[in-house]
Amino acid sequence: MARLVFTGITSLDGYVADEAGSFDWSVPDEEVHAFINDLQRAVGTHLYGRRLYEVMLAWETLETAGHPAAIADFADIWRGTDKIVYSRTLPAVATARTRLEHTFDAASVRRLKAGASRDLAVGGPGLAAEAISEGLVDEIHQFISPVVVGGGTRFLPGGVRLDLELLDERRFRNGVVFLRYGVQGSTG
């Protein structure tokens with residue numbers, strides 16, 4: 001069975017975007033980006049909420065000439081994965097290998113995990129909160145940026161208790177710290 005992994009780049013105080021919706025402080029440098037790319041190679045399907053999908057769709061047509069190698073590599077990886085976008089308001093998707101679902105159905109995600117040969121990634125804290133509450137998330141990958149933003153969009157939902165096991169950690173030259181946790185008792 002494939003794993004469902006929730007990954008985010010966060011501030012030290014646990015936000016993926018600040019109160020103004022900005023996340024410019026979280027842009028990975030080349031070392032971090034290359035590490036993220038290596039993690040993403042295991043992913044066959046991305047599950048996105050509408051907002052994160054709208055941010056990520058730029059990778060579909062991004063011209064990578066002149067950019068660092070990690071940017072071109074990520075674009076190739078992203079274009080090569082399947083994507084499912086969960087939105088009640090989005091009328092259509094604009095990227096290849098993408099389908100639109102209007103509601104999140106835990107049972108179909110469980111079936112998808114059971115039949116997948118590659119891992120799944122859930123993106124966006126709102127959608128991840130639903131997956132976490134259904135016991136679907138197997139791992140949480142957090143990249144903690146050396147910044148405190150004081151408020152905004154939280155990475156992890158409130159009102160949920162998760163028992164975690166630290167599986168891996170890595171510190172980068174730019175001050176970012178990667179933490180990989182296994183979720184104890186996920187129901188898959």
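Predicted model: local features only at pLDDT ≥ 70, side-chain atom pairs only at ≥ 80, totals over all residues.
Helix α1 spans residues 30–40. At its start, a side-chain oxygen of D29 comes to within 3.2 Å of the backbone nitrogen of E31. The buried residues of α1 are V32, H33, F35, I36, N37 and Q40. Their cover includes the strands β1, β3, β7 (139–144), β9 (164–171) and β10 (177–183), together with helix α3.

Helix α3 comprises residues 69–79, of which A70, I71, F74, A75, I77 and W78 are buried. Viewed down the axis of α3, these buried residues fall within an arc of 165 degrees, and they therefore line one face of the helix. A69 and D76, by contrast, lie on the other side of α3 and are exposed. The covering of the buried residues of α3 includes two helices, α1 (30–40) and α2 (50–56), and two strands, β3 (43–49) and β4 (82–86).

A69 belongs to helix α3. With a relative accessible area of 58%, A69 is classed as exposed because this value lies over the 50% cut-off. Between A69 and H33 the C-alpha to C-alpha distance is 9.6 Å, although 36 residues separate the pair in sequence. H33 is one of the buried residues of α1.

The largest pocket holds about 1,500 Å³ of space. It is lined by 49 residues, and those closest to its centre are L52, V55, M56, G123 and G124. Two or more lining residues come from each of the helices α1, α2, α3 and α5 (125–133), and from each of the strands β1 (4–10), β2 (15–18), β3 and β6 (119–123). When the lining of the largest pocket is divided by class, 27 residues are nonpolar, 16 are polar and six are charged.K113 is found in helix α4, which covers residues 106–115. The relative accessibility of K113 is 0%, and the residue accordingly counts as buried. Its side chain reaches the backbone oxygen of L136 at a distance of 2.8 Å.

R97 occupies the loop between β4 and β5, the latter strand spanning residues 98–101. The phi angle of R97 is near 55 degrees, a positive value in a residue other than glycine. R97 has a relative accessible area of 43% and is partly exposed.

V177 is placed in strand β10. Its relative accessible area is 28%, and V177 is partly exposed. Apart from neighbours within four places in sequence, V177 makes contact with Q142, F143, I144, R170 and R171. The C-alpha atoms of V177 and S117 are separated by 29 Å, with the two residues 60 apart along the chain.

Terms used. Residues numbered from 1 in each chain as written. Heavy atoms only, no water. Buried < 20%, exposed > 50% of the residue type's maximum accessible area, 1.4 Å probe, protein only. Helix = DSSP H or I, 4+ residues; strand = E, 2+ residues; numbered from the N terminus. Arc of directions from axis to C-beta. Contact = heavy atoms within 4.5 Å. 1 Å grid on protein atoms, 1.4 Å probe; cavity = no way out; pocket = protein on both sides within 12 Å on 5 of 7 lines; lining within 4 Å. Points joined across faces, edges and corners; volume = space filled by probe spheres on them. Nonpolar A, V, L, I, M, F, W, Y, C, P; charged D, E, K, R; others polar. Polar contact = N/O pair within 3.5 Å; in protein donor to acceptor, adjacent residues only side chain to side chain.
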